[in-house]
Amino acid sequence: FLLLGALVIWYALAATRFRRELIASGGPVPTWTGPGMRAPERRGELTPWHVARFFSGVVTAALVLGSPLHSVGEAYLLTAHMAQHLVVTLAVPPLLITGIPAWMVRPVLTWPPLAPAIKVLLSPVPAFLIFNTVFLGWHVPAFYELALAVPEVHALEHGLMILTATLTWWPVFGTLWEYPRLPYGGQVMYLFLQSLPPTVLGALMSLTSTVLYPTYELAPRIAGWTALQDQTVAGLVMWMPGALGYFAVLSGIFYVWVERRAASGGEAPYRNVNPGRARRDGRAPGSPEAQGA
């Protein structure tokens with residue numbers, strides 16, 4: 001909650017007190033539309049939709065992590081805990097990413113000492129591997145039980161899930177042209193692959209005949225389920241909604257991809273510019289020279 005509060009304060013100050021400085025320090029932005037993006041970035045833009053998405057993400061995280069769902073998932077039902085994990089990894093990060101305009105984070109994310117590492121972290125393969133290692137690793141019984149026993153470790157668990165989920169959603173919802181999204185076809189394949197880890201984890205939980213987490217075997221039964229029945233339902237929650245969440249986004253992106261290709265006669269919307277070559281040659285991305293690259 002301290003981190004969420006700090007994020008809200010930062011957002012408010014960036015949108016008001018430091019807005020002009022952040023826009024100026026970010027420099028010019030390109031006039032072309034990058035891969036997988038529906039429109040060019042507008043310098044200094046902050047719309048009501050940005051604010052609504054950002055605060056929806058913050059409120060969703062606060063409710064999931066501070067409501068009775070958290071207490072029930074921590075001490076009574078594995079099903080509630082799996083639902084909590086899905087919300088903080090599937091819903092919260094996309095809302096935060098798309099709610100924060102690029103100009104707010106560009107000065108930090110493109111700061112020379114950090115830029116090389118950030119470029120790697122926001123790339124599809126590292127982001128995919130880091131998130132799924134963290135997500136699956138925390139469900140190993142030893143680590144899971146440690147998080148339930150130590151509140152600070154539990155907070156670390158959820159914080160790392162949100163942070164690494166933000167990395168893994170960047171190739172789909174990223175807002176900076178310096179760290180571009182995947183093209184639409186790449187996003188479709190990427191999201192399909194993202195649906196596999198929760199499917200495997202859910203299947204393991206629901207199909208095993210052994211209770212994996214002793215906390216729930218010893219917990220009072222508040223839903224009329226045995227510990228094994230609770231684990232089976234928890235696995236189905238992770239398996240079905242977990243995979244369907246990715247497929248829902250995948251379906252929307254596929255629709256936009258087909259629609260945009262039809263509207264452009266099959267040409268990619270960013271075909272007239274090569275941003276990589278423009279950057280290497282030192283030309284401004286929106287300049288006539290870059291357009292002819």
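On a 1 Å grid over the protein atoms alone, a pocket is an open set of points with protein on both sides within 12 Å along at least five of seven lines, and its lining residues have an atom within 4 Å of a point. Grid points are joined across faces, edges and corners, and a volume is the space filled by probe spheres set on the points. Rolling a probe the size of a water molecule over the atoms shows where empty space is left.

Before we go in, a word on the model. It is a predicted one, in which local features need pLDDT of at least 70 and side-chain atom pairs count only at pLDDT 80 or more, while totals for chains, interfaces and linings use all residues. Residues are numbered from 1 along each chain as its sequence is written, and side-chain values use heavy atoms, with hydrogens and water left out.

Let us start with the largest pocket, whose volume is about 1300 Å³. Its lining is made of 34 residues, and L7, L96, I162, L163 and T166 are the ones nearest its centre. Which helices supply the lining? At least two residues each come from α1 (2-15), α3, α4 (68-75), α6 (92-99), α7, α8 (115-121) and α11, where helices are DSSP runs of H or I with at least four residues, numbered from the N terminus. The most comes from α11, which gives 11 residues. Sorted by class, the lining of the largest pocket holds 27 nonpolar residues, six polar and one charged. Here Ala, Val, Leu, Ile, Met, Phe, Trp, Tyr, Cys and Pro count as nonpolar, Asp, Glu, Lys and Arg as charged, and the others, Gly among them, as polar.

The second largest pocket has a volume of about 710 Å³. It is lined by 27 residues, with M37, R38, A39, R53 and R181 closest to its centre. Two or more residues of this lining come from each of α3, α7, α11, α12 and α15. What does α15 give to the lining of the second largest pocket? With five residues, α15 gives the most. By class, the lining of the second largest pocket divides into 14 nonpolar, seven polar and six charged residues.

Now for the charged pairs. Side chains of opposite charge can pair when their charged atoms come close. A salt bridge here is a side-chain nitrogen of Lys or Arg within 4 Å of a carboxyl oxygen of Asp or Glu, and a search of the whole structure finds four of them. One joins E41 to R106, with the closest N and O atoms 2.8 Å apart. E41 lies in the loop between α2 (19-26) and α3 (48-66), whereas R106 belongs to helix α7 (residues 102-109), so this pair ties together parts that are 65 residues apart in sequence.

R106 also meets the side chain of E178 in a salt bridge, again at 2.8 Å from N to O. This second link spans distant parts of the chain, from R106 in helix α7 to E178 in the loop between α11 (151-173) and α12 (184-194), 72 residues apart. Are these side chains buried or exposed? E41 and R106 are both buried, a label for under 20% relative accessible area, with exposed meaning over 50% and partly exposed in between (1.4 Å probe, protein chains only). R106 counts as buried because its relative accessibility is 2%, and E178 counts as buried because its value is 19%. Through shared partners, the salt bridges join E41, R106 and E178 into one network.

Another salt bridge pairs E21 with R17, at 3.4 Å from N to O. E21 sits in helix α2 and is partly exposed, because its relative accessible area is 42%. The C-alpha atoms of E21 and P107 are separated by 9.8 Å, although the two residues are 86 residues apart along the chain.

P94 counts as buried because its relative accessible area is 10%. From C-alpha to C-alpha, P94 and W170 are 8.2 Å apart in space, and they are 76 residues apart in sequence.

Finally, let us turn to the surface. M189, F192, L193, L196, L236, M240, L244 and F247 form a nonpolar patch, with about 700 Å² of accessible area together. Two or more of its residues come from each of α12 and α15 (227-263), and α15 gives the most, with four. Patches are built from residues with over 30% relative accessible area and no salt bridge; like charges are joined within 9 Å, and nonpolar side chains (Val, Leu, Ile, Met, Phe, Trp, Tyr) within 5 Å. The areas come from the Shrake-Rupley method with a 1.4 Å probe, and for residues only the protein chains shown count as cover. L196, one of the patch residues, lies in helix α13 (residues 196-207) and is partly exposed, because its relative accessible area is 37%.

Terms used
1 Å grid on protein atoms, 1.4 Å probe; cavity = no way out; pocket = protein on both sides within 12 Å on 5 of 7 lines; lining within 4 Å.
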